[in-house]
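Welcome, and thanks for opening the viewer. Let us walk through this model one selection at a time.

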Amino acid sequence: MKECTKINTCPFPNCDKSYHLLTSIDHFIEDYCNGEKKDDCIRLKLEGHNGGIHVPSNMMPDGLPLPGTHRRDWDEVALEFKKHIE
Ligand code: SF4
């Protein structure tokens, strides 16, 4: 099991430590960033898309916003491609 190549620079595993108080966040990191599901990560898929897409900093690996945040400010392009890769 190999960790994601983005783990040191990606905003998700490096998000504010208050989020790490939520066990669900650490489960996401374990499953996606350090684990078997990294190839399913929506962030990774958006970044790897041809031409690259700005990935919102508060997007989790499953494509949802971090708890307590919203997707109002997400770029339309990211939202459009996200629909096709989920
Ligand atoms: S959130 Fe996705 S892109 Fe970021 S480190 Fe985890 S698996 Fe990689």
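Where is the place of Lys38? Select Lys38, and you will land in the loop between α1 and α2; helices here are DSSP runs of H or I of at least four residues, strands are runs of E of at least two, and both are numbered from the N terminus.

Before going further, a word on what you are looking at. This is a predicted model, in which local features need pLDDT of at least 70, side-chain atom pairs count only at pLDDT 80 or more, and totals for chains, interfaces and linings use all residues. Residues are numbered from 1 along each chain as its sequence is written.

**Stay at Lys38**

Lys38 counts as buried because it has 20 C-beta neighbours inside 10 Å. The scheme is this: a residue is buried with 20 or more other C-beta atoms within 10 Å of its own, exposed with 12 or fewer, and partly exposed in between, with C-beta atoms placed from the backbone. Now show the contacts of Lys38 beyond its neighbours within four places in sequence: they are Cys4, Tyr32, Cys33 and Leu44 (a contact means C-beta atoms, placed from the backbone, within 7 Å).

**Next, select α1**

Colour Phe28, Ile29, Tyr32 and Cys33, the buried residues of α1. Seen down the helix axis, they fall within an arc of 100°, so they line one face of α1; the arc is that of the directions from the axis to the C-beta atoms. Then turn to the face away from that buried side, where the exposed residues Thr23, His27 and Glu30 sit.

**Now show the ligand**

Which residues come nearest to the ligand? Of the 13 around it, they are Cys4, Cys10, Phe12, Cys33 and Cys41, where a residue belongs if its C-beta atom, placed from the backbone, lies within 6 Å. Both α1 (23-33) and α2 (42-48) supply at least two residues of this shell. Colour the shell by class and you will find 10 nonpolar, three charged and no polar residues (nonpolar: Ala, Val, Leu, Ile, Met, Phe, Trp, Tyr, Cys and Pro; charged: Asp, Glu, Lys and Arg; polar: the others, Gly among them).

**On to Leu64**

Select Leu64, in the loop between α2 and α3. Leu64 counts as partly exposed because it has 13 C-beta neighbours inside 10 Å.

**Zoom out**

The chain has three helices and zero strands. Of its 86 residues, 24% count as buried.

Finally, colour by pLDDT, the predictor's confidence in each residue, from 0 to 100. The chain mean is 90, and 99% of residues reach 70 or more. Confidence is highest in α1, at 93, and lowest in helix α3 (residues 76-85), at a mean of 87.

Methods. Contact = placed C-beta atoms within 7 Å.
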